[in-house]
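Here are a few notes to go with your first look at this one. Have it open beside you and follow the points in order.

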Amino acid sequence: AFMIQKLRAEDRDIIYDIINNSVKDDYEKYKFFMNSCKMKPVKSSSFKKIEYISLVGGRVQGYFAFIFDKINQKVTNIELISFDETRVFVRDFLEFCEYLSENFKNVELAVIPENPAYRIARRSFLKYNFKKVGTLQESIRLIDGKFYDVEIWQRRFEDR
């Protein structure tokens with residue numbers, strides 16, 4: 001029984017506050033969280049932000065989100081953050097990967113290889129047939145002021 005559930009609009013501000021306060025309180029731990037969640041999803045006919053949270057006993061364990069680009073029929077801007085030091089988040093992350101795999105043909109990921117979670121995430125990418133398509137050198141500046149490389153991973157399925 002996984003604890004992942006769709007984020008309700010009325011809970012969005014609470015979750016965003018948890019994320020932003022966690023990042024602010026321990027920026028070294030959360031510096032690799034490339035978030036665009038400081039802004040509420042913009043109403044657009046071309047893009048839809050889909051968000052999930054991982055809950056155990058009413059306590060937020062993690063946040064999962066992505067943008068679905070309706071015009072190009074692809075998932076982009078995947079956001080993941082874990083507040084949990086147990087296996088709950090990993091289990092829910094795998095459920096999230098299953099959901100993406102079953103529901104979307106084209107998925108693009110931007111990943112910072114220096115992120116400590118990269119090793120686990122990379123195994124999942126390979127399991128779900130993602131291919132590394134390139135590396136952008138010193139492409140993103142994180143809250144520590146340093147620039148980091150970003151790897152681009154992609155999974156595409158042709159129409160059957």
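1. Start with Phe66, which is buried at a relative accessible area of 0%. Bear in mind that this is a predicted model, so every value here is computed from predicted coordinates.

2. Who does Phe66 pair with, and how are the rings set? The partner is Tyr99: the ring centres are 6.4 Å apart and the planes sit at 45°, so the pair counts as tilted. Phe66 belongs to strand 3 and Tyr99 to helix 3, so this pair ties together parts that are 33 residues apart in sequence. Is Tyr99 buried or partly exposed? Tyr99 comes out at 25% relative accessibility, which makes it partly exposed; the cut-off for buried is under 20%.

3. The structure holds 12 aromatic pairs. One of them joins Tyr52 and Phe96, with ring centres 6.4 Å apart and planes at 65°, so this pair is edge-to-face. Tyr52 is in strand 2 and Phe96 in helix 3, so the pair ties together parts 44 residues apart in sequence. Tyr52 is buried, at a relative accessible area of 12%, and Phe96 is buried too, at 2%.

4. Helix 3 keeps turning up, so give it a look of its own. Helix 3 runs over residues 87-103, 17 residues in total, and reaches 24 Å from its first C-alpha to its last, close to the 24 Å expected at 1.5 Å a residue. Which residues of helix 3 are buried? They are Val88, Phe89, Asp92, Phe93, Phe96, Cys97 and Leu100.

5. What do those buried residues of helix 3 pack against? On the strand side there are strand 1 (4-6), strand 2 (47-56), strand 3 (59-69), strand 4 (74-82) and strand 7 (147-155). Helix 4 (118-127) is on the list as well.

6. Strand 7 is where you'll find Phe147. Phe147 counts as partly exposed, at 45% relative accessibility. Leaving aside neighbours within four places in sequence, Phe147 is in contact with Glu138, Ile140 and Arg141.

7. One last thing to check: Arg155 lies over the face of Phe130, at 5.8 Å from the ring centre.

Key:
Residues numbered from 1 in each chain as written. Predicted model: local features only at pLDDT ≥ 70, side-chain atom pairs only at ≥ 80, totals over all residues. Heavy atoms only, no water. Helix = DSSP H or I, 4+ residues; strand = E, 2+ residues; numbered from the N terminus. Expected span 1.5 Å × (residues − 1). Buried < 20%, exposed > 50% of the residue type's maximum accessible area, 1.4 Å probe, protein only. Contact = heavy atoms within 4.5 Å. Phe/Tyr/Trp six-rings, centres within 6.5 Å; stacked < 30°, edge-to-face > 60°. Lys NZ or Arg CZ within 6 Å of the ring centre and 35° of its normal.
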